[in-house]
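Hello,

Here is the structure I promised to pass on to you.

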Amino acid sequence: MSRRPRRAPLAFRRTWMLLIGLLLSVAVSVAATPGGIGGTGIEPGGIGGTGINPGGIGGTGIVAIGPVQRFGSIFVNGGEYELPSETRYRVDGSPADARSVHLGDMVRVNAVDRGGRLDAIEVRIDHALIGRITQIDSTENRLIVLGQTVQLQPSTLLRTVDDKPLHPAALAVGDVVRISGLDQGAGRWQAMRLVQLTGSKARGKADNRFLLRGTLEATRPATRQVHIGGAWLTVAPGAWPALPAVGSRVLARGLQGGGGDVITAVEREHAVEAPVGTKLVMVGYVQSQALGLESHGLRVQGASALLNAQLESAASVPTGGPALIEGVLLDARTVVVERVIAGVDAMRWALPPLAGAQSEAAKPKAAETSQGSVGISGADLAGRVPQVPTVTAPMSPNVMMPNITPPVMPVVPQVPQMPNPISPPTLPQPPSVTTPSVSPPNVGMPTMPGMPQVPSLPRP
């Protein structure tokens, strides 16, 4: 006798249905929540694989540190970076726009690789110095500003405040200048771009704001003085409690006037704001510091003994020019170096040749077309025409090949031809043999004798 299966009570089944519905709703809610990347729970908007900046941009993070070499997008360290509409700009920490970027400006470009195209997400313009010239050495092409020695190069771009070309003879003691340059250490800078902010009529007539980047090397609490880049400067009472620790990379701001140079604010600078694993490409001088070798405020260590030796060599010859350094960010202040090239020209390194017969003077017009979406006007670009340096594509070296006479190869002996195939000899035909006909003899069957008759025995 079969038994009918018992059904669960109606209330129990309804409870299970409600529980299943609740679980499904939670799963849908989790799936719809933005920002979850591969189950990591990364906040929404992080650059795929890097997290440099928000904005939902996928790709591999790259940071480039060096001077602006060319426009038409923007070239830094030989790499071309596109400037999409979402690109953000900052000048010495303050928000800016694309019109603030000029040739020779030292920049830090946070970019992302989108299938071979490098898109700049943020462009930071960092000036080295803003202040009055206190000394000029025309023989050595050197200036003294805020106690810093500024070396002018043939490639240094000299400009007026309205971005017109400036002759070196137009500079004088008392001029306020803004300098973008490479830090050579010990208060020395190689100028990439110099802008004269005041004319002859304004020299020394008013207080002006100054700016100084460098390492906070020492302090004198009794006199409220700090040693930055080889120079002692006084700190205002309100700014003293907020001083960063000695050894920090800092940005100091202040006033120059009759009372001397007084720092009104000192803030600690972060060399790179990027996650671990970000690729770095930078041009700069390698300096020996207490904690090792540094460049742009980042510790640099070679990925091999050979690379460490190359870094040591670059640091030992600071006058040999800056070095190109490529590597990967190990932590907030350390770069594992994978490539070092010493003695590069920062303004011309790895620049690709211009397409066709296009001249340097015509390049800004192309930049106007490509950068129209980021706010660069035609008038602004027209003012930049004299800034574009004449770049000569390097010629391939004329290598003289040695006159080598090829050896005479011995004549290979001719292989004798094989004779024609030999026909087998004709064998004689075997003689014809007639099989003899043999008749079997007639053999008669012998007659068997009859069996003798057995006599019958008499009955008793």
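Predicted model: local features only at pLDDT ≥ 70, side-chain atom pairs only at ≥ 80, totals over all residues.

Residues are numbered from 1 along each chain as its sequence is written, and side-chain values use heavy atoms, with hydrogens and water left out.

Let me begin with the whole protein. It has four helices and 24 strands; these are DSSP runs numbered from the N terminus, helices being H or I with at least four residues and strands E with at least two. Of the 460 residues, 39% are buried (under 20% relative accessible area; exposed is over 50% and partly exposed is in between, with a 1.4 Å probe and protein chains only). Taking contacts (heavy atoms within 4.5 Å) between residues at least 6 apart in sequence, 62% join residues at least 24 apart.

Now to the charges. Side chains of opposite charge can pair when their charged atoms come close. The structure holds 16 salt bridges, each a side-chain nitrogen of Lys or Arg within 4 Å of a carboxyl oxygen of Asp or Glu. Three of them may interest you:

- D97 and R99 meet through their side chains, at 2.9 Å from N to O. D97 is partly exposed because its relative accessibility is 28%, and R99 is also partly exposed, at 45%.
- R108 bridges to D126, with 3.0 Å between the closest N and O atoms. This pair links distant parts of the chain, 18 residues apart: R108 is in strand β6 (residues 106–114), and D126 is in the loop between β7 (117–125) and β8 (129–137). R108 counts as buried because its relative accessible area is 14%; D126 is buried too, at 10%.
- R253 and E267 form a salt bridge of 3.7 Å, N to O. R253 lies in strand β17 (residues 249–257) and E267 in strand β18 (residues 260–268), so the bridge ties together parts that are 14 residues apart in sequence. R253 is partly exposed at 26% relative accessibility, and E267 is partly exposed at 38%.

There is also a network: salt bridges that share partners join D92, R108, R124, D126, R213 and E269.

Which rings have a charged end sitting over them? The charged end of R70 sits over the ring of F75, 5.3 Å from its centre, and that of R220 sits over the ring of W232, 3.7 Å from its centre. The criterion is NZ of Lys or CZ of Arg within 6 Å of the ring centre and within 35 degrees of the ring normal.

Finally, have a look at N208 in strand β14 (residues 208–220). Is N208 buried or exposed? N208 is buried, because its relative accessible area is 11%. Its side chain makes a polar contact of 3.2 Å with that of R132 (a pair of N or O atoms within 3.5 Å; within protein, one must be able to donate a hydrogen and the other to accept it, and residues adjacent in sequence count only if both atoms are side-chain atoms). Setting aside neighbours within four places in sequence, N208 is in contact with G131, R132, V176, G254, L255 and Q256.

Best wishes
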